[in-house]
Amino acid sequence: MPTSTDAASKRRQTRLRREYMYRKSLEGREKAAYEQKRIIREALAAGKPLPTEVRASYDALKTEVDAEDIVTEKPKTHIDDEYGDAGLLEPRVCVTTSREPSSRLKQFAKEVKLLIPNSTRINRGNNRVDELMESCKESEFTDVVVVQETRGEPDGLVISHLPLGPTAYFSITNTVMRHDLDPPAAPMSEAYPHIILDNFNTELGRRVGNILKCLFPVPRHDTKRVVTFSNNNDFISFRHHMYSKPTHDVVQLHEVGPRFELRLYQIRLGTMDQKEADNEYVLRPYQNTAKKRKVL
């Protein structure tokens, strides 16, 4: 029988989700108002007559235009709600696996746990997805990372941001773990790493880069640990290095591992247990133009 604490937690999650969906429903109206204010602002700056489509609403919008600054002139989106505290609070990440993991997947999950600062690895056991997400919300984790496999080879990575989403689904290929590296891997540092996001140029690419970046806390400026996500034809290469400077003009890289390639195939506007959540992006490789289209 659920306790009063469990019931209060569920009511709070329901309220947060309802408020989030309400704010998201306002985005269309706010975007239309933003476009009208942008037209007014540009016409006033250039000293030109107002276009006819905004003359009726000019009196109502002029006060708002005068009151706005460089921060408030842009409309807020659901992305601002999801990652509103990024950089202010350190992320707490839960790392787990699919059910009945092989020894190789367990080892890969351990390396992912070492890779992400402030992360905790838990055994999945027989927990259902909804039970896992509820437990992580109660423990105040900010993200859940689930690694998956096929025949003992890691082939899937799911990143679910709590408590509102989004959830990103990646396929994994060419996994090389630390003990398989040649030359042998450098020791694993626990310093907060610098993050390099290379070639994420589109709006969706910046969205994916933000999801990956927010797994890591803000580093010190002098840390010598570097994590790289490099996009090439929508395949994201992951590399993990330490660097040293023997002299002022020489930099030496030492690979720490693991290394693998990611490919995004879905982003869902919700947490992992919300099957009814809308899809923000779905990979469609069978379309005629899929080979020519670069989404990241």
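## Briefing: strands, salt bridges and a charged patch

At 33% relative accessibility, Glu153 counts as partly exposed, because that value falls between the 20% limit for buried and the 50% limit for exposed. This residue belongs to a predicted model. Glu153 sits in strand S4 and pairs with Arg104 in helix H6.

**Salt bridges**

- Side chains of opposite charge can pair when their charged atoms come close.
- A search of the whole structure turns up eight salt bridges.
- One of them joins Glu153 to Arg104, with the closest N and O atoms 3.1 Å apart.
- That pair links distant parts of the chain: Glu153 is in strand S4, Arg104 is in helix H6, and they are 49 residues apart.
- Arg104 has a relative accessibility of 24%, so Arg104 counts as partly exposed.
- Asp180 joins in as well: Arg104, Glu153 and Asp180 are linked in a network of salt bridges.
- Another salt bridge brings together the side chains of Asp222 and Arg220, at 3.3 Å from N to O.
- How exposed are these two partners? Asp222 is partly exposed, with a relative accessible area of 39%. Arg220 reaches 58% relative accessibility, so Arg220 counts as exposed.
- Arg259 and Glu255 also form a salt bridge, and their closest N and O atoms are 2.8 Å apart.
- Arg259 is at 25% relative accessibility, so Arg259 counts as partly exposed.

**Strand S1 and its partners**

- Strand S1 covers residues 93-97.
- Is S1 mostly covered or mostly open? S1 is mostly covered, with five of its five residues buried.
- Both faces of S1 are covered. Val93, Val95 and Thr97 are buried on one side. Cys94 and Thr96 are buried on the other.
- S1 runs parallel to strand S2 (residues 119-121), and three bridges join the two.
- Across that pairing, Cys94 stands opposite Thr120 in S2.
- S1 also runs parallel to strand S3 (residues 143-150), this time with five bridges.
- Here Val93 stands opposite Asp143 in S3.

**Strands S3 and S4**

- How do S3 and S4 run? They run antiparallel, and eight bridges join S3 to S4 (residues 153-161).
- Asp143 has a bridge partner in S4 as well, namely His161.
- S3 and S4 form a hairpin with two residues between the strands.
- In this hairpin, Arg151 takes a positive phi near 55°.
- S4 also holds Glu153, the partner of Arg104 in helix H6.

**A positive surface patch**

- Which residues form the positive surface patch? Lys106, Lys110, Lys113 and Arg121 form it.
- Helix H6 (residues 103-115) gives the largest share of the patch, three residues.
- Lys106 lies in helix H6.
- Lys106 is at 41% relative accessibility, so Lys106 counts as partly exposed.
- Patch residues need over 30% relative accessible area, and Lys106 has 41%.

Notes
Residues numbered from 1 in each chain as written. Predicted model: local features only at pLDDT ≥ 70, side-chain atom pairs only at ≥ 80, totals over all residues. Heavy atoms only, no water. Patch = residues over 30% accessible without salt bridge, like charges linked within 9 Å, V, L, I, M, F, W, Y side chains within 5 Å. Areas by Shrake-Rupley, 256 points an atom, 1.4 Å probe, with all protein chains shown as cover. Salt bridge = Lys/Arg side-chain N within 4 Å of Asp/Glu carboxyl O. Lys, Arg positive; Asp, Glu negative; His and termini not counted. Charge placed at Lys NZ, Arg CZ, Asp CG, Glu CD. Helix = DSSP H or I, 4+ residues; strand = E, 2+ residues; numbered from the N terminus. Buried < 20%, exposed > 50% of the residue type's maximum accessible area, 1.4 Å probe, protein only. Pairing = 2+ DSSP bridges.
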